[in-house]
Structures are given as C-alpha cells and as structure tokens.
Amino acid sequence: MMAVNALEAVCDLLLGFTFASLFGACSGSWLLIGAVLALGFLSALILQKSKGGLPARILCALLPALGLIFAKSLPEALPPAVVIAFFAVLIFSGKIGICYEDYKYWFGFPAVPAAVVFAICFGGWPLRPAATVCAAAYLFLGVLVLRYKRMGAGAGPRLRAAGFAELTGALVFAVLAGLLLYAVMKHSVKVLETLLMPVGYLISGLAFMFDWIVGMLGKMIPEDEQLIPPEEAETVLPEDVPLTETVPEEPADALAYARADKVFWTVLTVLAIIALIYILYRFWKMIRKARREGKRDAAAIEEGERGQHRFRLDLRRKKKRRGLSGNEEIRSVYREYLSYVRSCGIEVSRQTTSEEVLEASEGLAAPAEAERLRELYIRARYHDSEEIGGAEVREAKTLLALIREKTEAAKAGAACENG
C-alpha cells in the first residue's frame, strides 16, 4: 500500500496544479510541475518508511519545494508555491495514507470541479494544456487509488492487474468517445443549428410573451405616474449634422429581449443553486444516518445485547440467503465472522480493512482458518465475474465454525488455569 499512498499524495498535488495552471504564468510550466510531482511522490514514500516522525514530516514537507528552482520568474513560481504549502499542511495533518471510507469523499467532492475544468479546457484546447492534462491525470489516478484502497493490501497481483486493465480500458473508451463527439460537433455545426432551432423558437416565444406582459402592465399604470427621462424631452442635433441624415435606432423590442434573457438566466441560476443545495443536504443527512446506525450497533454490542443482536442478524441473514449467489453467501459468512470478532473484544469499524482485522485477531486460537476465510472473502468481493461454487461456501462455513470452536476452547482452558 506504500505506492498507493504515494500516488494519493501525487493526486493531491495534481488537484492543486489543475487550478494553478489556469493562470497564464503557470500554464506552460511542464518541467516545474513534473519536478514537484516527482518530489511529492518521493516525500510520501519517505514519510511512510520513517513511520511519520517529526523530523521526517519536516523533511517531506520541504522536499517538493526544491522543484521551484525550475521556475523562470516570480509570477510563475507563486501558484506552485501555494500548492506546495497546501501539500505541507496535508503532511502535518496526517492526510497522507487515509483509509478507503474517508478517501472516497476526499477524492469525490474535488473531482466534480476538476471534471468541469477538464471539460472546459479540453473543449478549448490548446487554451490551457497543462490544466487539461493535470485534471485528466487527477481523475484517472484518483479512481485508481480509490480502487486499490478498496481492494486492500491483501489483493494479489492478478487482481490488481485486472483492476488496472479494467480502469485503463474504461479510460481509453471515454477518451475515444470524447474525441469522436468533439469531431462530430466540430464538423456538424449546421446539423446542430437545425436540431436546436425549435429550442430557439421556444426561447423567442417566451421572450415575446414576457415583453407582452410587461407592455400590458405598463398600460395599466396611469400616464401621470410614468416618468419621462429628461434627456428624451428635447433632442438637439449638432449643427454640423445635416437634417437629411438619420440617427440609427435600436429595434423596438431589443430592450424587451434583453430583459427577458436576463430574467431567464437568473431564474435558471437560482434553480440550479437550489438543486445543488438540496442534493448536498440529502447527502449530508445520509451520512449522518449511517453514522448513527453504526454507533447504535456498537453501543448495543458493548451493553451486553450480543446474543439478541446476533439472533436478529441471523434471522435477517437466513431470509437474505434464499436465492443468494456463492459470492454473496461467503460475504455473509465473513460478516458473521466480524460480528464474532467484535464479541471477543476486538474493535472493528467501517474503516477497518480485512488485513487489519486479520492482524488484530492474531490472539484468537485459529489464525490459519481466519487467513483462509479472508482469502475466500477477497475472492467473493473483488472477483465479481468469477462465480464461487458451493464447495467454497461450505468451506467458509466450516472455517467459521472451527474459529468459534477453537477460540471458545482456548477461553475455557484459560479460565480453568486461572481458576
């Protein structure tokens, strides 16, 4: 996982350079950006090797600043300096090497503006090529890191290679589809104009209706209350202008169209802001509900309701197992194993990976069975295309029974010795 955590640090730097490259002075600083990214990757590796000590944190925070020697001017060095300062704050706050449950939010929220920057810059290529490349690299590496963190440290090389190939194929397909769409739009302007003509007529009709409503409201106002601008009271032409020359006038409905267009876009912007706030509010409520349920389950186990809690879980699992696949049954058996591990006093949270559970349960009496059960769980969870048969399901159930039997026997023997 060291390389994955180092790539996570590179992703954080790429996010900063995505927006720093929008400035003209930093838009072509390829050597500077590459040097800072390489030093950031190296500093993340050093930080993990040194176990996060204070001298190592100071060294790793200052190491990417060496890349500023490639800056040709002060304006070119200022945006990368802000990015490097942000990276130093991440190192001191311990945000390098966070778990999967936290990283999916850490990456997911900034991915939205990064995707917007990529779409805008890619459409105007080569307006800001560095920003386009940094945004694309941030999205690709972020998804790659997210996938590897979800697999955990115990995933084998075949599974990692399959995940990387799958992600690369999706990226190539997306790039080719984007290039094809761009080529079609570039060479089909007339077709698009024809297709969008009904929308233009609709907007024109709405503007005409709005102008008519404004005119009707104007007629309802008494004439003595309508103010006449003083500059319209008398028009004086310069002496050197011939009387036959006419001053060009704007169309009579130009003001109404401009007013209708402004109102339309204002209403559309307000609706978009309201929709965004509502989506964020629902997402925040969902996170709070998940946290409350997790705390409630942990409190129920700690207060001694383990038997009743396990009974309810078993009932639900028996209902769900009807018609389940072999992969789902093994994952269900592994959830039972996690419940049993919690009942033995081992802390297991949503952020705990299967490798951490295996390390924490070394004190139990069946380490070999626990390791084999974890292997079956990894196959069931991450090999969706591989259907696990009934033999592996029965083996998983037998392993869980052996873990419980050996652990309880060890507890009984320890109690007899102490008694």
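A charge sits over a ring if NZ of Lys or CZ of Arg is within 6 Å of the ring centre and within 35 degrees of the ring normal. The model used here is predicted.

**Exercise 1.** Which residue has its charged end over the ring of Tyr103, and which aromatic cluster includes Tyr103?

Solution. The charged end of Lys149 lies 5.7 Å from the centre of the Tyr103 ring and sits over that ring. Tyr103 forms one aromatic cluster with Phe107 and Tyr138.

**Exercise 2.** How many aromatic pairs are there, counting ring centres within 6.5 Å? Classify the pair Tyr105 and Phe283.

Solution. The count is eight aromatic pairs. For Tyr105 and Phe283, the ring centres are 5.8 Å apart and the planes stand at 65°. Planes over 60 degrees apart count as edge-to-face, so the pair is edge-to-face. Tyr105 belongs to helix α5 (residues 100–123) and Phe283 to helix α10 (residues 254–302), so the pair ties together parts 178 residues apart in sequence.

**Exercise 3.** Are Tyr105 and Phe283 buried, partly exposed or exposed?

Solution. Buried means under 20% relative accessible area and exposed means over 50%. Tyr105, at 32%, is therefore partly exposed. Phe283, at 25%, is partly exposed.

**Exercise 4.** Classify the pair Phe109 and Phe283, and state what the pair ties together.

Solution. The centres of the Phe109 and Phe283 rings are 5.6 Å apart, with the planes at 80°, so this pair is edge-to-face. Phe109 lies in helix α5 and Phe283 in helix α10, so parts 174 residues apart in sequence are tied together by the pair. Phe109 has a relative accessible area of 46% and is partly exposed.

How values were computed: Residues numbered from 1 in each chain as written. Predicted model: local features only at pLDDT ≥ 70, side-chain atom pairs only at ≥ 80, totals over all residues. Heavy atoms only, no water. Phe/Tyr/Trp six-rings, centres within 6.5 Å; stacked < 30°, edge-to-face > 60°. Helix = DSSP H or I, 4+ residues; strand = E, 2+ residues; numbered from the N terminus. Buried < 20%, exposed > 50% of the residue type's maximum accessible area, 1.4 Å probe, protein only.
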